[in-house]
Amino acid sequence: MGITGLAKLIADIAPNAIKENEIKNHFGRKIAIDASMSLYQFLIAVRSEGAQLTSADGETTSHIMGTFYRTIRLLDNGIKPVYVFDGKPPKMKSSELEKRADKRQEAQKALEKAEELGNTTEIDKFSKRLVKVTSTHTNECKELLKLMGVPYVEAPCEAEAQCAAMVKAGIVYATATEDMDALTFGSPVLLRHMTFSEARKMPIQEFQLDTVLESIEMTKNEFIDLCILLGCDYCNSIKGIGPKKAIELIRQYRSLENILENLDTKKYQVPEDWPFKEARRLFIEPEITEPSTLELKWVDPDEEGLVKFLCGNRGFSEERVRNGAKKLLKSRSGTTQGRLDSFFSISSTPNKRKVEEAKSAANANKKSKKGNTARRGRPK
């Protein structure tokens with residue numbers, strides 16, 4: 001779920017914090033991809049045509065196909081992806097997971113009813129609600145990525161938290177996910193729609209956390225409290241408080257503790273024993289693997305291994321798989337020009353404004369040196 005309504009709220013009150021680009025604009029960058037979200041997108045995208053994307057045994061292969069071809073496209077565009085997989089969910093997320101299970105049960109009943117009536121629109125809608133990324137899906141994609149020569153990371157807990165830590169450490173440029181809580185975990189840059197199919201024709205949205213905080217005039221901790229108030233995966237929100245009221249309260253009282261002291265509890269219903277402090281702690285101090293210990297290596301693909309894995313039982317075209325392997329190898333062997341911003345110090349927050357400031361300072365320094373040389377040449 002992420003953070004309820006956060007993307008729209010930022011678009012409304014801090015539109016300058018969002019930039020829209022084509023995939024080619026991220027040439028030369030390393031991107032941490034929320035793997036579970038990516039797999040979910042691939043499974044959802046073809047759910048209504050799932051029968052066309054199965055193995056000989058009837059097992060779904062759309063997540064494999066999506067990962068294979070989208071990863072090739074990313075590498076073709078000079079992007080180095082690293083997939084980050086979820087670990088064990090925190091205990092505080094159990095309530096949210098139970099809600100999702102209940103919704104799937106409701107969707108299953110609605111699907112059965114739609115099938116009885118032959119309502120294809122409803123069948124498609126409720127079929128998508130039943131999609132779930134399983135351990136089989138993730139294990140198959142891990143094996144595929146190994147054969148493709150693309151690194152992946154197994155997070156101890158939340159993938160978004162691990163991605164955010166990697167961006168903050170400067171080993172990747174951004175977190176690619178649809179879940180806005182990557183910003184709540186502190187990812188300096190968030191990319192949405194990075195793994196969407198070309199058919200969706202949606203530009204990649206880039207959210208800059210520093211610009212968000214500057215525009216809404218909040219500290220990181222105040223922003224985290226805002227996200228909890230909007231609604232997160234770790235605890236229920238306060239009934240009756242929507243996005244507009246949430247930001248109004250945070251701006252006025254600056255913390256959830258102060259809000260609770262001044263809130264009209266007759267009008268707004270606070271959940272009993274509301275664990276907002278524990279939720280806040282999970283966002284500030286999530287369980288992650290220290291980024292400096294991660295070894296990210298992009299290596300040559302195993303063409304024969306890919307053919308064996310994808311063809312035969314899984315039904316992929318051998319010619320297309322071999323062509324894909326050649327593209328992977330080409331992206332490895334081809335020399336690429338580094339991005340201009342890599343020459344500047346932007347390890348924790350890749351910010352275009354900082355790059356421009358650095359270039360301006362360099363140009364000013366050159367002019368100053370020229371001026372000094374000219375003056376030294378003049379007669380006294």
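Predicted model: local features only at pLDDT ≥ 70, side-chain atom pairs only at ≥ 80, totals over all residues.
Q: What's the mean pLDDT?
A: The protein's mean is 86, and 84% of its residues reach 70 or more. pLDDT is the predictor's confidence in each residue, from 0 to 100.

Q: Where does pLDDT stay under 50?
A: One stretch is residues 47-52, for which the model has four contacts beyond four places in sequence. Another is residues 342-355, with 22 contacts of that kind. A contact means heavy atoms within 4.5 Å.

Q: Back to Asp34, which residues does it touch?
A: Leaving out residues up to four places away in sequence, Asp34 touches Val84, Ala159, Glu160, Cys163, Ala176, Thr177 and Asp179. Asp34 itself belongs to strand E2, residues 30-34. Helices (H or I, at least four residues) and strands (E, at least two) are DSSP runs, numbered from the N terminus.

Q: And helix H2, why is it largely enclosed by the rest of the structure?
A: Because nine of its eleven residues, in the run 35-45, are buried. Among them are Met37, Leu39, Phe42, Leu43 and Ile44.

Q: Let's zoom out: how many helices and strands are there?
A: The protein has 16 helices and seven strands. Out of its 380 residues, 46% count as buried. Looking at contacts with a separation of 6 or more, 70% come from residues 24 or more positions apart.

Q: Is Cys227 buried or exposed?
A: Buried, with a relative accessible area of 0%. Cys163, which Asp34 touches, is also buried, at 0%.

Q: How many salt bridges does a search of the whole structure find?
A: It finds 17. Side chains of opposite charge can pair when their charged atoms come close. One of these bridges joins Glu154 and Lys142, at 2.7 Å from N to O. That pair links distant parts of the chain: Glu154 is in strand E4 (residues 152-154) and Lys142 in helix H6 (residues 135-148), twelve residues apart. Lys142 counts as buried, with 13% relative accessibility.

Q: Which residue does Arg280 meet in a salt bridge?
A: Glu257, at 2.9 Å from N to O. Here Arg280 is in helix H13 and Glu257 in helix H12, so distant parts of the chain are linked, 23 residues apart. Arg280 counts as buried at 17%, whereas Glu257 is partly exposed at 26%.

Q: What about Arg322, which residue is its partner?
A: Glu318, with the closest N and O atoms 2.9 Å apart. Both sit in helix H15 (residues 318-333), four residues apart, which is about one turn of the helix. Glu318 is partly exposed, with a relative accessible area of 40%. A network of salt bridges links Glu303, Glu304, Glu318, Arg322 and Lys326.

Q: New topic: what's phi for Arg254 and Asp273?
A: Most residues other than glycine have a negative phi. Arg254 has a positive one, near 70°, and Asp273 has a positive one too, near 50°.

Q: Where are those two?
A: Arg254 is in the loop between helix H11 (243-253) and helix H12 (256-262), and Asp273 is in the loop between H12 and helix H13 (276-284). Arg254 is partly exposed at 31%, and Asp273 is exposed at 69%.

Conventions
Residues numbered from 1 in each chain as written. Heavy atoms only, no water. Buried < 20%, exposed > 50% of the residue type's maximum accessible area, 1.4 Å probe, protein only. Salt bridge = Lys/Arg side-chain N within 4 Å of Asp/Glu carboxyl O.
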